[in-house]
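Please look over the chain shown here.

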Amino acid sequence: MSSTPVPVAGPPFGRVPLRTVQVLGGSGGAGSSAHVRSLAGGLAARGVRVTVCAPVEAEGEYDFTGAGAQFTPAAVSALRAACAGADVVHAHGVQAGMRAALALSGFRVPLVVTWHGGGPDATGPLARLGRVLERRVARAAAVVLGTSSDQVDLARLRGARDARLAPVTVPLAGVSSSGADPGKVRAELGAVDRPLLIAVGSLVPHRGYGVLLDAAREWRTLDPAPLLVIAGEGALRASLARRIEAEALPVRLLGRRTDVLDLLAAADVAVLPSRWEARSLLAQEALRAGVALVATKVGGVPELVGDAAVLVPYGDPAALSDAVTGLITDPGRRDALARAGRVQAATWPSEDDTVAQVLSVYDELMERRR
């Protein structure tokens with residue numbers, strides 16, 4: 001499957017060029033930002049005029065203008081001005097959806113919202129506020145696109161008039177490492193003669209890192225004890241670091257990294273301990289890279305990985321520990337999962353498929369307005 005959309009001569013749909021605004025919120029994760037970059041490039045190649053409204057740091061990292069889009073900062077006034085001249089506004093994430101809905105007040109411009117994250121089972125005041133936002137965004141959107149089936153069900157539960165499955169895959173251009181020698185990477189991490197485990201994601205509660213450290217406590221008894229590295233940054237860094245030191249856990253916090261694919265290429269097992277995930281970026285990268293994956297059986301993960309990963313219940317450190325131990329002591333099983341992962345990844349939609357589906361939604365909304 002081609003990773004580069006084929007340009008289409010002339011305006012799309014035989015009309016004047018379609019104008020769309022892609023909106024990212026301040027908390028837009030790597031998965032949604034990479035998706036918007038890919039989508040912007042595919043739409044622009046097909047003659048669509050694309051404006052990306054996002055934090056300035058996101059433009060610096062993902063280069064939306066390099067994909068053929070116009071970039072505007074995420075300030076309220078700039079977003080409203082961009083929306084005023086749009087045919088379709090497409091927000092990515094609930095927070096971005098709420099900002100876009102407010103910016104569209106008074107305009108007859110349809111709103112599409114892709115839900116990239118969130119989950120139905122959170123608790124507490126912030127979770128209640130999140131559910132309120134989800135209901136408002138679901139009802140404000142002409143179409144809600146869920147990246148997994150459970151998100152589609154959740155959007156309908158929150159009152160969406162039209163909710164559809166729209167899987168998002170890792171851009172094909174970003175699935176190979178830079179070519180760094182895996183042995184050198186392992187040496188730099190201190191894992192020459194021991195298994196190397198990797199987890200990737202922001203250091204926030206729903207990632208399940210507390211449970212992962214519980215499992216790491218069990219790995220101390222193995223000989224040699226595996227080294228777990230966690231690539232990511234966030235509010236829990238200090239508390240996780242204190243626990244790692246106090247319990248002498250075989251864990252390193254690497255902070256935010258730009259060489260995750262090189263780390264994956266050097267790893268024996270990838271671990272995804274999250275409380276909830278839709279189409280996990282780490283799961284996609286691991287399966288494409290042929291790295292055995294242990295993940296929690298939550299959200300859209302089972303739908304995404306099929307039989308190409310070992311799935312365990314969330315919040316069960318013993319099950320997580322046993323699953324990882326089973327893999328690091330069984331190279332044949334790891335190899336089988338690596339092969340199965342690449343087969344499973346081949347079933348995912350391509351970037352072209354994703355762009356085509358989104359364009360068909362835009363086209364349908366334009367037809368409704370005629």
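Ala 345 is buried, because its relative accessibility is 3% and the cut-off for buried is under 20%. The model is predicted. Ala 345 sits in helix H14.

**Helix H14**

Helix H14 covers residues 331-345, 15 residues in total. From first C-alpha to last it reaches 21 Å, close to the expected 21 Å. Its buried residues are Arg 334, Leu 337, Ala 338, Gly 341, Gln 344 and Ala 345. Viewed down the axis of H14, these buried residues fall within an arc of 130 degrees, so they line one face of the helix. The face turned away from that buried side carries the exposed residues Arg 339 and Val 343.

What do the buried residues of H14 pack against? The partners include three strands named here one by one: S11 (269-272), S12 (292-296) and S13 (310-312). Helices H11 (281-289), H12 (301-305) and H13 (317-328) are also among the partners.

**Helix H4**

Helix H4 spans residues 94-103 and is mostly covered. Seven of its ten residues are buried. Among them are Val 94, Gly 97 and Met 98. Ala 96, Ala 100, Ala 101 and Ala 103 are buried in H4 too.

**Helices H8 and H9**

Two packed helices are described by the angle between their axes and the distance between the axes. Helix H8 (residues 209-219) and helix H9 (residues 237-246) have axes that come within 11 Å and cross at roughly 10 degrees. H8 and H9 are therefore roughly parallel to each other, as angles under 35 degrees count as roughly parallel. On the H8 side, the contact is made by Tyr 209, Gly 210, Leu 213, Asp 214 and Arg 217. H9 contributes Leu 240, Arg 243 and Ile 244.

**An aromatic pair**

The count of aromatic pairs comes to one. Are the rings of Tyr 62 and Phe 64 stacked or edge-to-face? Their centres lie 6.2 Å apart and their planes are at 20 degrees, so the pair is stacked. Planes under 30 degrees apart count as stacked. Tyr 62 is buried, and Phe 64 is buried as well.

The table lists relative accessible area for residues discussed above.

| Residue | Relative accessible area | Class |
|---|---|---|
| Tyr 62 | 18% | buried |
| Phe 64 | 0% | buried |
| Ala 345 | 3% | buried |

Conventions. Residues numbered from 1 in each chain as written. Predicted model: local features only at pLDDT ≥ 70, side-chain atom pairs only at ≥ 80, totals over all residues. Heavy atoms only, no water. Phe/Tyr/Trp six-rings, centres within 6.5 Å; stacked < 30°, edge-to-face > 60°. Buried < 20%, exposed > 50% of the residue type's maximum accessible area, 1.4 Å probe, protein only. Helix = DSSP H or I, 4+ residues; strand = E, 2+ residues; numbered from the N terminus. Expected span 1.5 Å × (residues − 1). Arc of directions from axis to C-beta. Contact = heavy atoms within 4.5 Å. Axes fitted to C-alpha atoms, helices over the stretch in contact; angles between N-to-C directions. Parallel < 35°, antiparallel > 145°, perpendicular 65-115°, else oblique.
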